[in-house]
Amino acid sequence: MDDGPRAGGDLRSRQGDAPATAGPQWARPLTTGPEAPQQLHRGMTLIAAISLFIGTRDAWTRAMTSRPDVAGIISVCYAGILVAGVLALTTRTRRALTRVDAGVLLLAVVLVLCGYWLNHAGTDEGVLTAQAASQILHGHPVYGQPWPWLFDSSSVGITKTMSGGADYTYGYPPLTALLAAPVHAVLHSTAAATLVTTGALLAGAVLLWWLLPAPWRSGATAVCLGFGFLPGYAYSGYPAVLALALLIPVVVRWPDTGAGGRLGLSGAAQALCLGAACATQQLAWFLAPFLLIGLYTVRRGDLGPRLALGVLARYTGVAALTWAAINAYFATQDFSTWLHGLLLPLTQKAILHGQGLMGISYYFTAGSRHLDYYSYGSQLLLFGLLVATLLFVRRLGPAITVLPWLSFYLATRSQDGYFLMMTPLWLAAAATVPASAFASAWQPRIPFMSGHRAKAVLAVALVTPAVVCATVAAASAPPLRMNVTPSFAERAGHRDLTGLAVRVVRGGHWAQRELGFNPNSRNTALGYELIAPEAGILIGTGPEAQAEVPFQLLCVLEPLSVLGAQAHARFGTSFPIRFDYLDTVGGGSLSVHCHPKEPYMRERFGWAYTQHETYYLTLGSTDTKVYLGLREDADVDVFRKEVERSITDGVPMNPEDHVLAFPAEQGQLFMIPAGTPHASGAGNLVLEISATPYLYSLRFYDWLRPGADGNPRPLPYEHGFANLETGRRGAAVARDLVQKPRTLREGTGWREEVIGDLAEMFYEVRRFVLDAGAEATDDTQGRFHILNVVEGDGVTVHTAAGDLHELSFAETLTVPAAVGAYTLRAAAGVGPVRVVKALVR
């Protein structure tokens, strides 16, 4: 009896064996004839089925606790995925495998709909789009309108800016909001936006599946609906998802567009979709020029330059008219705010974020004084890639849908979403844009660049400027050195923050003499004592055990403890007050300037509050000056003409012809509400106690001084005159803005004075005056305090938790709202000690 092949034997058929096709049909081996599916096709189907597992368990878990019926549907889909995996490997014909592909697509659609049912609240982009849709429904403006209340939820992220503020406005083209408006009329929630983006993703996935060759179709299912990536962006309400869906028909077989010199109905439809995509989200803007270059070079190769240019002009014209039609209503409402809104993601100066090269400065080197060079490098790389595409289109043409995203790797905002959301376009190009489509494409002839080595040198030269800029950004030292020392106390079983000592030193001639900073430098500007967006906190008990975290992170994680309930309700997690020094001792006067009024600050610069300031004269005299407010007889038109002459013709002007000058007496506080022209004169040391925004000095006159590069400094005087406060003049300036101290309370050897309190400013400034060795009690009462020793030998701060903080002359201490009661004990030296205190009113 033969029991089959033994170990070491073989399986060769013997004479008389039954043919391989004998037996029932289900038992026969897979065919390999012309109708059999390609292994690539089987692999694509299998990958698509596998991709549906990713993220499905999390959805099932959430559904079991809230919607068991949805969990049941997901469980059935699990079975469908398993069956699809078997069928992908066992079907005999291409037609049958295509049907399996359709089944996998259907499973993916069902799972995405289940995921949407469980999670459709949206994140920042979704809630902004839904609010924009609501504004459209009610006939209200969409652009330039801050909506800070939308960001109260922890699930809604805030885009922080480099100026320390945040962006609360809508910064995308309007098509997604327009499509969401009728949905919002029914749903009245963020679901209006997320429904549009999720529907767009499903429509785009089905369209891509339909347009691709059969072996590639399941790839569309995987990249659009599998792996859990793009559905997550759709549930969040990202307008880029709608832009992706519109770009799919544009990219599929794009080299065929305009073949024969006729754009045709299909070409016009593609151009319309491109224009609509550009009216949906800014990522489409980066792809468009690459497509236009590719289209021109391909058509010129088979039609010649004149006909190719005609095809390109018609294609571009349809796209541009579509874009303009969608934007027309908003552009005519308010052109400047509409344009500002569309450009906002490119101009808002958002903080660094992402997985690109900027991580070197963000995570490894504690900052860079040339962060802007990342942006320069990104722009130069984009330009270099465009030129390279024109010069080497036969080689780079198949990668046109990938090339634009390389520039984001060097950008300050390089999160992976910029790459992930456009990956279906990569697949579309791989499946429908072969290299052979560019075999006859036109390439400009470059003299002396015929060899491979010469072309390689040229390609390297095109990207070298970008690499240089990125290197400068990554290799530059941090602009500031900050030391922030926190103190903690155990209370009721948990650890509370009780104090923050912040010290940032940049120096000045006074600082060189008195504090010994950089004594060999020409001068050293003494700068920020406390500014939350730039400060870090050293956590730990020793130099070897310390870790630095952003000050702002503490405000985000513990806003009630740091800011207090009142400030948190008004400013969110933005720490609203800063302290810094302005040192003109042995130097020149500051520029005459003002700061934006609140509506202007909100609409133009994206801050929810504006840059009110005060000057406290730590050092000054009756012989030095502070410029503040308009003279009673000031003629604004004459003032403007003199400013313009100084800029255009270099004619000096005397600011005192228009602006009041006050003696800079030591210990005097000058109130500077937004719109008030002001400057510190030469010879002063000013403690500037101000709102946190600090980049918006709208200069009128800078004494004709050149900048460090030898060129005149920019003077945004148009902004200045647009914000100039002309109502408060002469005696009103002296009465309202140069206040006399008023005793608020007092005790043995001490008193607390109000030295600055103005209704239009959200904070006030007080001052403790303590005799040597005296003690004064205080209590935060749920509001943070900021202290600075402006005169004397210093104080010791004792908190109710038992912490001690030594505070010396010119040092700053933040007392968080959670501290409660504390005591100031003056040093037992000679003469009184004066401590300035700022707090939110």
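Visitor: How many cavities of 30 Å³ or more does the count come to?

Guide: The count comes to one cavity of 30 Å³ or more, and it refers to a predicted model. The largest cavity has a volume of about 40 Å³, and its lining consists of Val-250, Trp-254, Thr-257, Leu-291, Leu-295 and Tyr-315.

Visitor: How does the lining of the largest cavity divide into nonpolar, polar and charged residues?

Guide: Five residues of this lining are nonpolar, one is polar and none is charged.

Visitor: Which residues that line the second largest pocket are the closest to its centre?

Guide: The second largest pocket has a volume of about 550 Å³, and of the 21 residues that line this pocket, Leu-391, Phe-392, Arg-395, Gln-443 and Lys-455 are the closest to its centre. Helices α16 (372–391), α17 (393–396) and α20 each supply at least two residues of the lining, with the largest share, five residues, coming from α20. By class, the lining of the second largest pocket divides into 13 nonpolar, four polar and four charged residues.

Visitor: Why is the pair of Tyr-170 and Tyr-172 called edge-to-face?

Guide: The search of the whole structure finds 34 aromatic pairs. For Tyr-170 and Tyr-172 the ring centres are 5.6 Å apart and the planes stand at 70°; the distance is within the 6.5 Å cut-off and the angle is over 60 degrees, so the pair is edge-to-face.

Visitor: How do you know that Tyr-170 is buried, and what makes Tyr-172 buried?

Guide: Tyr-170 has a relative accessible area of 0% and Tyr-172 has one of 13%; buried means under 20%, so both residues are counted as buried. Tyr-170 and Tyr-172 also belong to one aromatic cluster together with Tyr-143, Tyr-329 and Phe-330.

Visitor: What makes the aromatic pair of Tyr-296 and Trp-442 edge-to-face?

Guide: The rings of Tyr-296 and Trp-442 are 6.0 Å apart, centre to centre, with 80° between the planes, and since 6.0 Å is within 6.5 Å and 80° is over 60 degrees, the pair is edge-to-face. This pair links distant parts of the chain, with Tyr-296 in helix α12 (residues 283–303) and Trp-442 in the loop between α19 (423–432) and α20 (452–475), 146 residues apart.

Visitor: Why does Tyr-296 count as buried, and why is Trp-442 called partly exposed?

Guide: Tyr-296 has 15% relative accessibility, which is under 20%, so this residue counts as buried. Trp-442 has a relative accessible area of 24%, which lies between the cut-offs of 20% and 50%, and therefore Trp-442 is partly exposed.

Visitor: Which charged end sits over the ring of Trp-442?

Guide: The charged end of Arg-300 sits over this ring, 3.9 Å from its centre, a distance within the 6 Å cut-off. Elsewhere, Arg-217 lies over the face of Trp-209, at 4.7 Å from the ring centre.

Visitor: What makes Ile-50 partly exposed?

Guide: Ile-50, which is found in helix α1 (residues 39–51), has 45% relative accessibility, and because this value falls between 20% and 50%, Ile-50 counts as partly exposed. Ile-50 and Val-104 are 54 residues apart in sequence and 9.9 Å apart in space, C-alpha to C-alpha.

Visitor: What does the secondary structure of the protein come to?

Guide: The protein comes to 28 helices and 28 strands, and buried residues make up 52% of its 841 residues.

How values were computed:
Residues numbered from 1 in each chain as written. Predicted model: local features only at pLDDT ≥ 70, side-chain atom pairs only at ≥ 80, totals over all residues. Heavy atoms only, no water. Phe/Tyr/Trp six-rings, centres within 6.5 Å; stacked < 30°, edge-to-face > 60°. Buried < 20%, exposed > 50% of the residue type's maximum accessible area, 1.4 Å probe, protein only. Helix = DSSP H or I, 4+ residues; strand = E, 2+ residues; numbered from the N terminus. Lys NZ or Arg CZ within 6 Å of the ring centre and 35° of its normal. 1 Å grid on protein atoms, 1.4 Å probe; cavity = no way out; pocket = protein on both sides within 12 Å on 5 of 7 lines; lining within 4 Å. Points joined across faces, edges and corners; volume = space filled by probe spheres on them. Nonpolar A, V, L, I, M, F, W, Y, C, P; charged D, E, K, R; others polar.
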